[in-house]
Amino acid sequence: MTNGERRATWDFDDREIPPMSAEMFSALVTARLRPLNEIEILGGKGLQLRVRVRGAETLAQLERAYERYRANPDALSPVIDTFIDRLLHGATEERAGNEQFARVREKLLPRLMTAQQWMKKRDEGLRVVVRSIVQDLGAALILDNGADFEYVQIDAIPAWEIDSQTAYAAATENLERLQIDATTSNGEGIETLLLDHSANASASVMLPSRLADWQARIQGELVLGLPTHDLLLGFARAHPAFEELRAQVAHDAQNSPNGLLATLLLVREGELQLLPP
């Protein structure tokens, strides 16, 4: 790395580093859950845990509990106790937000961006709300105004009297609701190539329903290409033109005005992974 260059890394806001990282917090919660007979740990990533509670599989979100811990580190044990109690008894917390949030709720959508793109926005003075999806790829929030869109900035979340999890839940619900089957398919069997060229198509990788649908159409492991925001490709890892497809995705991502991710993603057990060269 030459002098003056910066490595793009996720550093989502300017707040003070908490006493315990999100990873450590998640590990501690996991350790507290393991001895409980009613709960089985199936896996996890970041502030999400896949668990089976009394036989029913669910995705437990730790973000709100972690935010409470960050706000009051001395309340670590009560925060975790409350999380476990709600997980066991099915209680939920709905933060409806204020009237300002109600006016924009249905306009919220996720929009993917790389760490480098996030850093560029930050240098331009935009403190964009963003959540990591997989290494070097995150999901920002936008307000869809029809003809154009605007990024949601960090200060908007407390101004709406909600937390970021509520905002992302609304954005994902809107994305699911607005989804249309724009998939076209070329080839058969191992040579099947799926394409979605709709607006903001890349964001649909956040929808488990889309991943499951495309996985069912592909033989073997599903690989995704997100060369631009408005193009999503899906094909088998064993596709005979795999290297050509990889090269084309990288070229388009690096040379298109709307370029997004030059690296391919692998879908494994419903989760996204960067596919190394």
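Biologist: Which residues of helix α8 are buried?

Modeller: This is a predicted model, in which local features need pLDDT of at least 70, side-chain atom pairs count only at pLDDT 80 or more, and totals for chains, interfaces and linings use all residues. Residues are numbered from 1 along each chain as its sequence is written, and side-chain values use heavy atoms, with hydrogens and water left out. Helices (H or I, at least four residues) and strands (E, at least two) are DSSP runs, numbered from the N terminus. Buried means under 20% relative accessible area, exposed over 50%, and partly exposed in between (1.4 Å probe, protein chains only); in α8, residues 208-217, the buried ones are R210, L211 and W214.

Biologist: Which strands are the edges of the open sheet of six strands?

Modeller: Two strands pair if DSSP finds at least two bridges between them. The order is β8-β9-β11-β10-β12-β13, with antiparallel pairing. Each edge strand pairs on one side only, and these strands are β8 and β13.

Biologist: Which residue takes a positive phi in the hairpin of β12 and β13?

Modeller: Strands β12 (residues 265-268) and β13 (residues 271-274) run antiparallel and are joined by four bridges. Two residues lie between the strands, and the one with a positive phi, near 55°, is E269.
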